[in-house]
Each structure stands twice: as C-alpha cells, then as structure tokens.
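Please keep the sequence and the coordinates in view while reading.

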Amino acid sequence: MTTESSTPTVHEAMARFRASLLRRASGVAWAIVAIIGAQAVRTEVYDETVFYIPMVGLILLLVLSTIARWDRIVASPWAPVVVTAWMLLLIGSVTALGSIPELAGTAEPVLYGLAAISGLLLVWWAHALVTVSIATAIGYLALTLGEVDALPQVIAPVFTVLVVAAATALAGFELEREMIVSATRERTLEDQRLDFQRLYEVSATLARAESLAEIVPYLVGTICRYLDAEVGAVLLYDGGLNKLKVMSPIWVNGGTVDAEEAMVDITGVNVIAQSYRAIRPIHVRRVDENSDAHLVLKDLGLTQAIVAPLKVEAMRVGVIVVGEPRRGDFTEDQIEDLGSLAAPAGLVLSQIGRYEAQAEMARRLEEVAQMKTDFVSTVSHELRSPLTSIIGSLDTVTRPELAPTEPTSQQLLQSARRQASRLQRLIEDLLVVSRIDRGAIPVHLETISLKEIFDEVNRVVPVEATISVDPPDAQVEADRDHLTRVLINLVENAYKYAPGSPVEIHGSELLNRIRIAVVDHGPGIPEDQRDRVFERFTQLDQSDTRSRGGTGLGLSIVKSLVEVMHGSVRIEETEGGGATFVVELPKGR
Ligand code: ADP
C-alpha cells in the first residue's frame, strides 16, 4: 500500500538522465566553440561583426548552460520551455556562424547533433519545434551557401534532419517507456519492502502490547497517518453496559490526548451508534454543533470525520473514528480504505481486549487467593491461643486430684479434651497450609541419618512392626522437622485407615536417592484416586473419615513438604493388599 503513484520516480529518473545529457552537451559545445574559433582565426574572419556577435552570444549561452543547475531545471514544470529556448538560441547563434562560408562546414554538424539529442531532451511538441527550426536553419544555410537553383541540395540535408529527429524522437519515446517499466518494477519492490517493514513493525508492537491503552493509540495513529488525518479514536463495545465507550487516550497529530469519559447508546441516533450497526463507513462531511447525532464527534473536537464499524466476522467490537483530513475533504478512496483497515484493527482490538479481560480475571483470582490465605492465617493464629488455654484447663481438671468422680462428667471432659486436640491439629494444619501458600515455609536442608529420623518417628507414634534401614548408615538430605512430620503423618494415617494391620517403615538407597516406604495392609487406595488424595480437603469416604477425625489436609501438606525438600511422593499397592506411601529424597552428602 502506498500513497504515492509511480510517476514521480519515472519523472525523476528522466530528469536525471536529461540533466546529465545537457551537462555533457554543454561540454561538447565548448569543444565545438573552440574548433569554430580556431577555424575563424585560421580563415581570418574573427574580426567581422557577423562572426563575433553570434560567437559572443554563443559563449554567453554556454557559460550560462555550464553554471546552470540542470537537475533542478529539468525537474521543474518549466523544463520544456527553458530547454527549448536554450536550444533555439543555440541554433540561432550556430546558424549565424554557419552563414559565414568559412565556418559552414563546422556549424552544420552541430545542427545535426542538436537534432539528434533534441528527441531525448524534449517532449514531443518542443522536439517538433526544435526540429522545424533546425530544418529551417539547415535549409537556410544550404540556400545561402549553395547554388540557388540546386533544390536537391536543400532537400537532402532537411530530409536528413527530419529523419534524425524522427529517429531520436522514437529513441526518446522508447527510453521513457523502458524507464517507466523499470521504475514501476523498482517502485513495486520498494512498496513491498515498505509494506513488509510496516507489517513487521505493527506485528512487533502488537506482540509486545499487553493492554488496550497501549495498542489503541498506536493502531489509530498508524491508520490516521495512512489516511492523512489528524485525529483518531476508538470506541469499544462494553457488553455489561450495552454501550460504546471512548477508549482513552485518543490520537491527535502524532501524540496522544486523554479522552473524557464518554458513552454512546448503541441503539441511539448518534452517528457512532449508526456506524456500529452499519456495514460500511459513514462520512460526516460537516460536524453539526446542534445535531444530537454528532454529539461525540463534537466532543472529540472534530469538524469532519469518517466512522467505521470494527467487526470480527459477525461480531461487532466497536467503531473507529478518523477526523480532520489534512488536505480538503476525505475522498471516496480514503473512506473505502478505512473500511478495509477496520477489519484487521477490529481483530487486533478484540484479541487484546479478551487477553486483558483474562489477565484482569487472573489478577482478581490471585487477589482472592491471597485474601483467603491471609484470612486462614489470621484466624488460625487467633484460635491458637484460646485453644491452648482450653487444653491447659482441661488437662488440669482431668488430673486425678481434681477430676470429677461422677463418670458422666469424666466422659464429657475426656470427649472435650479429644475434640480440643482434634481442633488443635486442624489449626496446626491450616497454619502450615497458609505458610506453604505464602511460600513462607522455612527449609533447612542437612544430611541426616535415616535411622535417627525413624527412631524419632517411632518415639512419637510407636511402630509396632518392622523398621528397616538398608544400608544401616544410610543418610538423607532433608529438613529434619519436615521429614519427621511427613513420616508421622503417614504412619498416623496408616493406623487410622488400616486399623489392626501392622505398619512398616523401610529406608533404602537407590543410586543417588533415598527411598522411604510406609507400608500398611489395610484397604489401600484405588489406583484412580491416588493422585487425588494429595489434593486439599480430599477424603475418600467422608462419613468414615469424619468418624476418624480427618481434615483432608494431611497428605497435601506431606506432598508440599516433600517437594520443598526436592523430593517426591506417590502411592503404590502393598503386596497382598494395602497402601504403600513412597517418599523419595536426595541422598545425604
Ligand atoms: P485426613 O485428614 O482425612 O486423614 P489426609 O490428607 O491425610 O486427610 O488423607 C486423605 C484421604 O486419603 C483420607 O481421607 C483417606 O480417605 C485416604 N487415606 C490416607 N491414608 C490412607 C491409608 N493409609 N489407607 C487408606 N486410605 C488412606
């Protein structure tokens, strides 16, 4: 796409060619003057008036043509007139010199030469004029110098001049045609290069752009520059309000200006709403101060505008307004062009609008998640102190010396103590979860003896069956507190969900990893549920779990803690039935 036609380049190329021809012709003319001068001296005609007046004129003409800025002259609209005048003066002075019999032999070829280059230098009418003048001059010289009755002596040179002139006219015409072809080809290539460059620039900007506020002025600016307009704005459809909203900032003369908040009802008479419902752009030649239909255009400070609908297939996205043409009124071509440009613009704006809405949604979700984490953390902290005090009081009143003697009261106190412990576990779990969410879990990785860890676990939740470590001095790289917590959790679960079955813990080395397996022989976990149980608040059988006092947080904490220690956890089937929780961690160094 280009606003320039191919003519100026051809014009420029022809002008360059003609200027160089004229410069060369001037150089050759100096040589001819020198020859004529020498001839005049030799034949001693130099002191005659018929010689020196035209000679002085010729020299002046050549001085002028030597210093003349031919490149400028031939590029101007006056070129044919100036060059024709120059040639006529040249023909005049050369003919005058040629009328001296001693100089005729030198002057004549100069006239033929002028006839030859005239076709390359001048447009057809000027060339015709020059040819007639040269033919006349040649005829005149033949008549004055030859025998009066020898007509063939006149016809032959005149005919030669005409033939030469016709040949150069043809050559000139051919040259111009060739130049048009090559210049058009060159221009097409250049246009394509520019189009690609523009396309690249637009795509690069679009790829970088993340918000409508960033992309709208750029896109509108590109379109305004293309249409040679000073102001551009976009109104996008807001589905929530069912209105078209002016996007700020608007594009004004290469810069941006914040737009005032403005809405347009899509069903109204406003030309913006009409365009939104229309298929083709609407041209408002004069914005009418008093017309309701022109309200927004008036607010944008426009006196003339084109308004085009922005659509993506059948979906209407908004409208684009381009106003204030730099030259005269908007033309039919410009209106048509805005219609074509509105399609890709609509696509870009709708894509970025969608992206922006998604980004906004993601931001809000993140905010909500953060609020939830903060809330859980605050509430858990607030609950912890009163609960510690309740547990303390319950422990005190259940001491043998203070405990009530009545069995019902004793039972109630024991139940209260159990529930308080359950609550305490829940609160502890919630605190760990909120720390995990905030990424605020402290991790102190160290090389620890696996046996030491197993002994600690066995102290807290005695493991009645096998505990094995192979080799016995196997070491793991882990956070002592986190690993202990993970294993206690898994062993407690095994007791909870596989009551009566022996629980085993096996530690073994596996290349550069340590594999810890907590094995039970209970009901196990169905294969399709094995990933799910690591999700928060997942309990496989709610009623059963409830009776066992679960929260559904334990395994999610296990997974998070193992992962912060650069390990992994998974569930396998125990041979003969049951669940085997496998934790893998880096080997100690
Ligand atoms: P909960 O607080 O309910 O124990 P967990 O996250 O620790 O929460 O466990 C999630 C669910 O996984 C439990 O509700 C239970 O259904 C199942 N589960 C956990 N450990 C075992 C196990 N050793 N055997 C069978 N099911 C288990």
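Glutamate 360 and arginine 363 join their side chains in a salt bridge, at 2.9 Å from N to O; the term denotes a side-chain nitrogen of Lys or Arg within 4 Å of a carboxyl oxygen of Asp or Glu. The two residues are three positions apart in helix 11, which means a separation of about one helical turn. Glutamate 360 is partly exposed at 31% relative accessibility, and arginine 363 is partly exposed at 43%. Here buried means under 20% relative accessible area, exposed over 50%, and partly exposed in between, with a 1.4 Å probe and protein chains only.

The model is predicted: local features need pLDDT of at least 70 and side-chain atom pairs count only at pLDDT 80 or more, whereas totals for chains, interfaces and linings use all residues. Residues are numbered from 1 along each chain as its sequence is written, and side-chain values use heavy atoms, with hydrogens and water left out.

In helix 7 (residues 151-208), glutamate 174 and arginine 177 are likewise three residues apart, about one turn of the helix. Their salt bridge has its closest N and O atoms 3.3 Å apart. Helices (H or I, at least four residues) and strands (E, at least two) are DSSP runs, numbered from the N terminus.

A further salt bridge, 3.5 Å from N to O, connects the side chains of arginine 286 and aspartate 329. Arginine 286 lies in the loop between strand 6 (282-284) and helix 10 (295-299), and aspartate 329 in the loop between strand 8 (315-325) and helix 11 (332-397), so the pair ties together parts 43 residues apart in sequence. Arginine 286 is exposed at 54% relative accessibility, while aspartate 329 is partly exposed at 31%. The whole structure contains 30 salt bridges.

The largest pocket holds about 1,000 Å³ of space. On a 1 Å grid over the protein atoms alone, a pocket is an open set of points where a 1.4 Å probe fits, with protein on both sides within 12 Å along at least five of seven lines; lining residues have an atom within 4 Å of a point. Its volume is the space filled by probe spheres set on the points, which are joined across faces, edges and corners. Of the 41 lining residues, Asn489, Glu492, Asn493, Lys496 and Tyr497 lie nearest the centre of this pocket. Helix 14 supplies the largest share of the lining, 10 residues.
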